[in-house]
Amino acid sequence: MRNTFIAMFGCLLLIATLVGCERVQKVVAPAPVVETVKIGFLASGSRVTFPNGGEIAVSEINAKGGLLGRPVELVTEVGIPTPEAAVEAAAKMILTDKVIALVGPNRSSHAISVGALVQEHNLPMVTTTATNPELTSTSDFVFMAAFTDTYQGAAMARFASDELGLTSVAVLTQSGEIYSEGLSEFFVTNFTEAGGTIAAREFYGIVDIDFTEQLTRIAATTPEALFIAGWVQHAGFITQQARGLPLLNAAGEPTLLLGPDTWDSPILLNNEQANIEGAFFSGHFSAATDRPSGKVFVAAYQEAYGELPFGGHAVSYDATKILLAAIERAGSFDGEAIRDQLAATKNYIGATDIASYDENRHPMKSVVIFTITNGEKQLYKQIDP
């Protein structure tokens, strides 16, 4: 009897021990790991701070609990020099990092090349400051967050004709660069349609730093203005040499200088050798905005990075926000579902605004005109579509 009792007691003790162990195991079991959602960000050339705008958008959604309950990580590649390097960086992000979407690039020629790659993988991509309208033609998964050069060129041409009253403009273009050549064509077409005359058209190469020959030929036509359609790296040399020549209009006054959105950069604005006083140029965003949503972005950027944002930072923020919002609406990380929701974007309000996308996935949005007064960039006006 005693042995039976001891055996029964032992069994009960073993059962209690096992139950207790099970309870302990339940208490100390690790929480399930939530997989991070990765989004790639491509920044070409000197625009190495463009991912800052995307990081702010990511931090905002992570502060709200993440994307569809998962934290978001921005996988970045900056300083991309060529279209081939852009494709290589994008391929690594897609195949190795397993990103679900891309933001950028900021150069049109790079974006066109990457567009063919994302089409293969059904991967959504929202470009930043790339502006050539052809960049969406390689893939129906590619959307633009910036205005097109069709609109920018037309806006600058109308501004030159209607606002400044110009009738004679020379144009300087970088050969072999799709952005520069396309923008020049759109400006020339719209300026001549408005009744203006193109006094001269000159071209230069990517490695050029001496523009004396081109500027001398332009000076012979005494144009009222010179539209410099090219990368910001050349603008400092061109404007310095134009003033040193000097480049004058028929009245003997300095020819007015006009530039595109690439001029909105510290590379030019902080260049002491550049001579851009009194110039006008187009841009995507002004930190002097009085719009509430724009002010919120400016404050967030200043808090994070200790300086005012430029247009590229604002468009990078918006491109990332538009993508994240489309994923939330889709309720899925499926590429086709995200693409369809990007196309359905309407009345987006961020650092800049996008009313909607057209059938070519080009946004309906405004362009900003800046001028340089006493060495400082000033908001001159905003032109709405």
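The model is predicted: local features need pLDDT of at least 70 and side-chain atom pairs count only at pLDDT 80 or more, while totals for chains, interfaces and linings use all residues. Residues are numbered from 1 along each chain as its sequence is written, and side-chain values use heavy atoms, with hydrogens and water left out.

**The chain as a whole**

The protein chain has 12 helices and 14 strands. These are DSSP runs numbered from the N terminus (helices: H or I, at least four residues; strands: E, at least two). The radius of gyration is 27 Å, well over the 21 Å that the globule rule gives for 385 residues, so the chain is more spread out than a compact globule. That radius is taken over C-alpha atoms, and the rule is 2.2 Å times the number of residues to the power 0.38. Along the principal axes, the C-alpha atoms fill a box of roughly 125 × 40 × 35 Å.

Of the 385 residues, 50% count as buried (under 20% relative accessible area; exposed is over 50% and partly exposed lies in between, with a 1.4 Å probe and protein chains only). Among contacts with a separation of 6 or more, 66% join residues 24 or more positions apart; a contact means heavy atoms within 4.5 Å.

**Empty spaces**

Rolling a probe the size of a water molecule over the atoms shows where empty space is left. On a 1 Å grid over the protein atoms alone, a cavity is a set of points where a 1.4 Å probe fits but cannot get out, and a pocket is an open set with protein on both sides within 12 Å along at least five of seven lines; lining residues have an atom within 4 Å of a point. Grid points are joined across faces, edges and corners, and a volume is the space filled by probe spheres set on the points.

| Largest cavity | about 260 Å³ | Arg47, Asn106, Arg107, Thr129, Thr262 |

A search of the whole structure finds one cavity of 30 Å³ or more.

In the largest pocket, the lining has 12 nonpolar, eight polar and five charged residues. Its largest share, four residues, comes from β14. The second largest pocket takes two or more lining residues from each of β12 (353–356), β13 (367–373) and β14.

**Helix α11**

Helix α11 has 20 residues and reaches 28 Å from its first C-alpha to its last, close to the 28 Å expected at 1.5 Å a residue (1.5 Å times one less than the number of residues). Of its 20 residues, 15 are buried. Just after α11, Gly331 takes a positive phi of about 65 degrees.

**Asn132**

Asn132 is found in the loop between β4 (125–127) and β5 (142–144). Its relative accessibility is 3%, so Asn132 counts as buried. Leaving out residues up to four places away in sequence, Asn132 touches Ser108, Met144, Asp149, Ile178 and Gly182.

How values were computed. Nonpolar A, V, L, I, M, F, W, Y, C, P; charged D, E, K, R; others polar.
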